[in-house]
Amino acid sequence: MDRILINGGPRLNGRVRINGAKNSALKLMAAALLSDEPLILTNMPDLADTRFMATLLEHLGVNITRPSETRMDLHANGLAEPFAPYDLVRKMRATFNVLGPLLARRGTARVSLPGGCAIGARPVDLHLKALEAMGAQIELDEGYAVAQAPKGLQGAQISFPFVSVGATEHAMLAAVLADGETVLNNAAREPEITDLADCLNAMGARITGAGSASIIITGVSSLSGTTHRVVPDRIEAGTYALAVAATGGDVIVENCVPDHLDVLWDRMRAIGVQVEGQDDQSVRITQNNERCGAADIETQAYPGFPTDLQAQFMAVVCRADGASIIRETIFENRFMHAPELSRLGADITVHGREAVVRGVAQLHGAPVMATDLRASVSLVIAGLMAKGQTEVNRVYHLDRGFEGLERKLSALGADIKRVSEAG
Ligand code: UD1
């Protein structure tokens with residue numbers, strides 16, 4: 001199993017290029033199931049999660065090629081049996097989003113209930129209720145959702161009791177081929193939702209309101225292929241920005257959409273980091289202070305502070321001059337990085353969904369264990385500013401979501417390398 005070794009200290013300087021968004025790419029890939037024509041995705045990241053999704057889609061009969069590093073062609077003209085087995089679903093929650101498209105296109109599907117990061121219960125009840133509202137009959141059978149819609153799906157009024165990114169996307173993926181109009185109320189507003197709507201509309205779907213809390217989808221009888229550029233990964237962009245906040249330095253984060261991170265920029269300015277938009281695709285992060293200041297954050301659905309940047313922000317304020325309060329409102333059990341950060345000398349007290357981080361003057365390198373995708377990168381950030389060597393174990397979590405992390409950080413001046421068990 002690989003480990004990452006970091007010698008903390010160096011400031012980060014230079015330019016870093018951001019990839020297409022993992023979270024968007026996975027749902028766009030599922031959208032390929034909706035058409036018998038090719039879907040070409042550009043600005044595609046190459047990650048463990050996208051490969052895993054590709055394996056599932058291939059099992060479902062989608063022909064997938066990667067003509068270049070950043071392009072994926074998906075062609076679902078000869079679908080196989082609509083059956084997604086446990087082994088191809090369990091590692092990652094987003095795989096569950098194949099249920100709706102399979103049901104819309106085939107009228108029946110059997111999909112294993114998902115796994116994913118160990119950050120709370122994360123049920124799929126909202127996904128299932130949305131599909132049921134569209135007329136699907138769903139039974140749970142030995143860990144599988146077995147769904148039927150022999151007469152096709154019907155448009156429906158769906159009001160989500162709370163905001164769910166995955167359920168909003170899943171409902172969209174099903175409603176595009178339903179008979180009539182579907183209205184999604186209290187829909188998620190994340191940029192990845194808008195990206196999915198843009199792609200589906202380019203395939204011939206009729207979706208309005210994506211990016212607002214009310215999305216209207218008028219079903220069409222079939223969808224065509226298209227070429228779509230995956231939206232840049234705001235979480236990857238925010239992660240590099242926070243890495244600079246941690247180490248100090250001067251970095252231009254390129255190929256991102258700075259507007260998608262307004263709330264992060266606000267919090268970074270609050271801790272004394274300079275953030276300057278360069279244009280609509282890049283942002284310059286400068287940190288000249290020896291230590292940053294403290295600031296509180298509370299995670300919220302978009303446009304609030306992203307839960308996927310909570311761990312990274314926590315790592316940064318471990319060395320703040322003052323105390324910060326971090327509230328996690330999206331997931332329970334999403335502070336598993338806190339005890340690991342404490343191993344580096346951080347002073348963190350967790351009470352339920354709130355963590356109090358009292359800044360310390362210096363972190364000290366130590367072996368730590370990655371527990372989930374975003375938590376693992378927070379340990380890397382902490383290692384970059386710690387004195388001495390930090391060893392991050394279980395880095396397969398990182399590979400799920402961060403392409404070329406060591407390469408990109410090394411290019412910015414970090415002392416970081418990956419070693420395999422043998423090496
Ligand atoms: C997506 C992102 C993830 C991000 C999260 C919140 C992907 C692949 N993952 O996850 O990185 O952290 O949005 O921004 O896009 N819930 C239910 N029932 C459901 C669905 C969700 O109770 O049927 C709960 C979840 O347990 C969680 C909350 O709703 O507490 C929000 O989850 P959701 O927005 O659905 O997250 P994901 O789509 O799983």
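## Basis of the description

The model is predicted, so local features need pLDDT of at least 70 and side-chain atom pairs count only at pLDDT 80 or more, while totals for chains, interfaces and linings use all residues. Residues are numbered from 1 along each chain as its sequence is written, and side-chain values use heavy atoms, with hydrogens and water left out.

## The four-stranded sheet

Helices (H or I, at least four residues) and strands (E, at least two) are DSSP runs, numbered from the N terminus. Four strands form an open sheet in the order E22-E23-E1-E24, with mixed pairing, where two strands pair if DSSP finds at least two bridges between them. Its edges are strand E22 (367–369) and strand E24 (415–419), each of which pairs on one side only. From one strand to the next the twist averages 20°, with axes taken as lines fitted to C-alpha atoms (for helices over the stretch in contact) and angles running from 0 to 180 degrees between N-to-C directions.

Within this sheet, strand E1 (residues 3–7) and strand E23 (residues 389–393) pair in the antiparallel sense over four bridges. Ile-4 stands opposite Val-392 in E23.

## Salt bridges

A salt bridge is counted where a side-chain nitrogen of Lys or Arg lies within 4 Å of a carboxyl oxygen of Asp or Glu, and by this rule the count comes to 23 salt bridges. One of them joins Arg-66 and Asp-46, whose closest N and O atoms are 3.9 Å apart. Arg-66 lies in strand E4 (residues 63–68) and Asp-46 in the loop between strand E3 (39–42) and helix H2 (48–59), so the pair ties together parts that are 20 residues apart in sequence. Accessibility is classed as buried under 20% relative accessible area, exposed over 50% and partly exposed in between (1.4 Å probe, protein chains only); Arg-66 is partly exposed at 29%, and Asp-46 is partly exposed at 25%.

Arg-234 forms a salt bridge with Glu-192, with the closest N and O atoms 2.9 Å apart. Because Arg-234 belongs to helix H8 (residues 234–247) and Glu-192 to helix H7 (residues 191–202), this pair ties together parts that are 42 residues apart in sequence. Arg-234 is buried, with a relative accessible area of 10%, and Glu-192 counts as buried at 5%. A further salt bridge links Asp-308 and Arg-374, the closest N and O atoms being 3.7 Å apart. Asp-308 is in the loop between strand E18 (297–298) and helix H10 (310–317) and Arg-374 is in helix H12 (residues 373–385), so parts 66 residues apart in sequence are tied together. Asp-308 counts as buried at 15% relative accessibility, and Arg-374 counts as buried at 4%. Elsewhere, Asp-2, Asp-399, Glu-406 and Arg-418 are linked in a network of salt bridges.

## Helix H1

Nine of the 10 residues of helix H1 (residues 22–31) are buried, so the helix is largely enclosed by the rest of the structure. The buried residues of H1 include Lys-22 and Lys-27, together with Leu-26, Leu-28 and Met-29.

## The cavity

The structure holds one cavity of 30 Å³ or more, and the largest cavity has a volume of about 40 Å³. On a 1 Å grid over the protein atoms alone, a cavity is a set of points where a 1.4 Å probe fits but cannot get out, and its lining residues have an atom within 4 Å of a point. Grid points are joined across faces, edges and corners, and the volume is the space filled by probe spheres set on the points.

The largest cavity is lined by Thr-239, Tyr-240, Ala-243, Val-377, Val-380, Ile-381, Leu-384, Leu-405 and Leu-409. H8, H12 and helix H14 (405–411) each supply at least two residues of this lining, and the largest share, four residues, comes from H12. By class, the lining has eight nonpolar, one polar and no charged residues; Ala, Val, Leu, Ile, Met, Phe, Trp, Tyr, Cys and Pro count as nonpolar, Asp, Glu, Lys and Arg as charged, and the others, Gly among them, as polar.

## Two buried loop residues

Thr-299 is placed in the loop between E18 and H10 and counts as buried at 0% relative accessibility. Asn-255, found in the loop between strand E15 (249–254) and helix H9 (262–270), is buried with a relative accessible area of 5%. Asn-255 and Val-283 are 28 residues apart in sequence, and their C-alpha atoms are 9.2 Å apart in space.

How values were computed
1 Å grid on protein atoms, 1.4 Å probe; cavity = no way out; pocket = protein on both sides within 12 Å on 5 of 7 lines; lining within 4 Å.
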